Amino acid sequence: MYGADVEQIAIQLNEDPQKLADFEARIARGEKIEPGDWMPAEYRRQLIRMISQHAHSEVVGMLPEGAWITKAPSLRRKLILLAKVQDEAGHGQYLYHAAETLGATREEMLDALLDGKAKYSSIFNYHTTTWADNGAIGWLVDGAAILNQTMLARCSYGPYSRAMVRICMEENFHRKQGQEMIILYSQGTPTQRAMVQDAITRWWWPTLMMFGPHDADSPNSGVLIRWGIKTRTNDELRQEFINQLVPDLQACGIVLPDPDLHYDEASGNWRTGPIDWDEFWAVLKGNGPANAERMAARRQAHADGQWVREAAAAYAAKNQMQVN
Amino acid sequence: MDTQWPRFMVFQQEGPDQPVVHNGTVHAPDAELAMLNARDVFVRRPEAVALWVVPADAIFTQTQEELAQAAETQLAAGPLASYYVFGKFSQQAQCRQVGQVQASSPLAAVHAAIATFADKQPLWWWVFPASAVLKNESTEAEPMFSAARYKTFKDQAEYPVVTMMRALRNQKANHKDTENTK
Amino acid sequence: MERAHQYALSGYLIALADDELVLGHRDSEWTGHAPILEEDIAFANLALDEIGHAKLWYELAADLLGEDKTTYPDRLVYFRDAAQFRNLQLVELPKGDWAYSTLRQYLFDAFEALRLEALSQSSYTPLADVAARIRTEELYHLRHSQAWVLRLGLGTQESGGRMQAALDALWPYAQALAAPLPGERDLHAAGIVPSSADLFERWSGEVTQFLAKSGLQANLQSPVSDFDRRTHSPHLPALIEDLQSVARLDPEATW
């Protein structure tokens, strides 16, 4: 449907054809759409869905690494990890803000997450089983996220695009600290080398799944690309990631868990074996190794914090009354 | 019903000669905590000399598109008050400070801004009453903003991974050469 | 500085650093579990600052002992046994609820502010310089924790009740702030560090006043906990085991 012309789409979406045409012309000129501007309801809906999922991913994403802050094996690594997880909270904060400019409230978005109605990135439903997983998450998971976010920094919606610019700058610290850790440990003691190999083996495939289903199976891609929310497809981004990572990981002496992995001279691309999409859908639908644990942790924090949020609001209300 | 507290818009000045720029929101029960939260959220890296927080509902905005359509509407006028004026000047940019006007309503403030700052043509106007703003005291600046300066480990430049990868590849290449000459 | 003082001061600083490290550890446990996203970020900042301060004190101790300051702090943190830590019991107790963590932070921050003000006047310049830098950050901590004590103390019946319970539990442990740190008597006589007992006097006055303003009553008759920094609760060995669990997997490794 989204390859169709404007008038057909206007009819299908029940939008004013002239307004829709003007809107699409603005996007074609590279203009940013701002909160007060006219936008199709479907554009607003897709953005709220995407941005809130993205925000939830940052918030849930604090948990797998957060569990290692107290165990970090040097003061330097401890400060780095703490700052990194803190940045993730910050990114969640920026992203909820971007969704709020579209009329969604943080209360609603959090309710949707805690009720299990909203999705978040499947990658955070895997366990972090050793310290080296923090390096793998930094280099692989954050490296993959940066490709996606660099694209989104150019997206047509102003507040989302600006949040992404800020996030990308900080994510480079996340990726590089992870890469530094993996490089050093891959040349380190036998314990460290084994730890790194094991971590990459476990995180490699889930990271490739992070880019989402193949283009042919990605239901929202058409409209997202038409309206400049996404400018590249899942498969394009995934291929760029593979091409970046494979030679570097191999240079570290790390073996990737894919017997079919090979370099394709003709296209200049590294080709992987087939991705296990059954696993992807299972994890996304809530049956991953850590789904229940992650949601339980978020619900607990939310419930335990309720009296705090209420007390601060009550104090503010009392003070307001005294002022007036 | 859960509360995540009201929203406050956060504005930040990055250097003494820089304009004040909008950069996001924080949720807070009151202005003092909004100020503390703004510091914690937005000054994790050393890039501020001043912060402003303003209740989000005190901010009135008009895009070019809205101005074109809403030319006839008038908001109820109140007593004359001082308004801060902000504008977005390029597609990617955040709103930044333009100046101050006296007006009797938010929409009147936008019109006053258009008249007063005729040489500026922002894509998006923001106005809010000066009385709605909490700014940090200049004496608070050091405790609020200096902490980030020492946390150099948050800077990606601290991780020379490109150089490390190159060294690793060279080392492997040299190793191969020695193997071959054996 | 005299050799004896150098040695005494290193012990004093390691005790201060242990306080910061262990409190920072407890603060860091909130990351991802705080009542609202803004406070995840705020508490992570507290933890980053406290652990950063610990590192500065350990480094200064390394200088005094002629040790390598790039490696000595990690050796102290990761390869001492729990019994060798010299922190207060106040900071090692589990994080409890948000009232407990907030109130502990306030009690500690208020004392820190006074101690750092005094240390920044120390006759030993390297100590005075580090203290001045840390003090700037601690002033912000105090502002943050005061803001919260006031709001939770006066907010709702539940929050006031939780804060009072936290105060009743923590107050006896806080009395240990009055006890001298290792080496303090000689160092104080030499004008290098303040007397903890003197600081405690001022702290008691300020804190009880602010708590009262926040609707909280300190039990001035409450029994006093063990003063000795050599005595720990069972919570410390558990904390230290967690803290050292990865580093000790391979003591030869550079992490």
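**Notebook: Asn291(A) and chain A**

Leaving aside neighbours within four places in sequence, I found Asn291(A) in contact (heavy atoms within 4.5 Å) with Tyr120(A), Asn125(A), Val283(A) and Gly286(A). The model is predicted, with local features needing pLDDT of at least 70 and side-chain atom pairs counting only at pLDDT 80 or more, while totals for chains, interfaces and linings use all residues. Residues are numbered from 1 along each chain as its sequence is written, chains are lettered from A, and side-chain values use heavy atoms, without hydrogens and water.

I then looked up the cover of Asn291(A): its relative accessible area is 7%, so the residue counts as buried (under 20% relative accessible area, 1.4 Å probe, protein chains only). Asn291(A) lies in helix H13, residues 291–323 of chain A.

For the whole chain, I noted 13 helices and two strands (DSSP runs: H or I of at least four residues for helices, E of at least two for strands, numbered from the N terminus). Of the 324 residues in chain A, 62% are buried.

I checked the dimensions next. The C-alpha trace spans about 65 × 65 × 35 Å along its principal axes.

Finally, I turned to contacts along the sequence. Of those in chain A between residues at least 6 apart in sequence, 76% join residues at least 24 apart.

Technical notes: Buried < 20%, exposed > 50% of the residue type's maximum accessible area, 1.4 Å probe, protein only.
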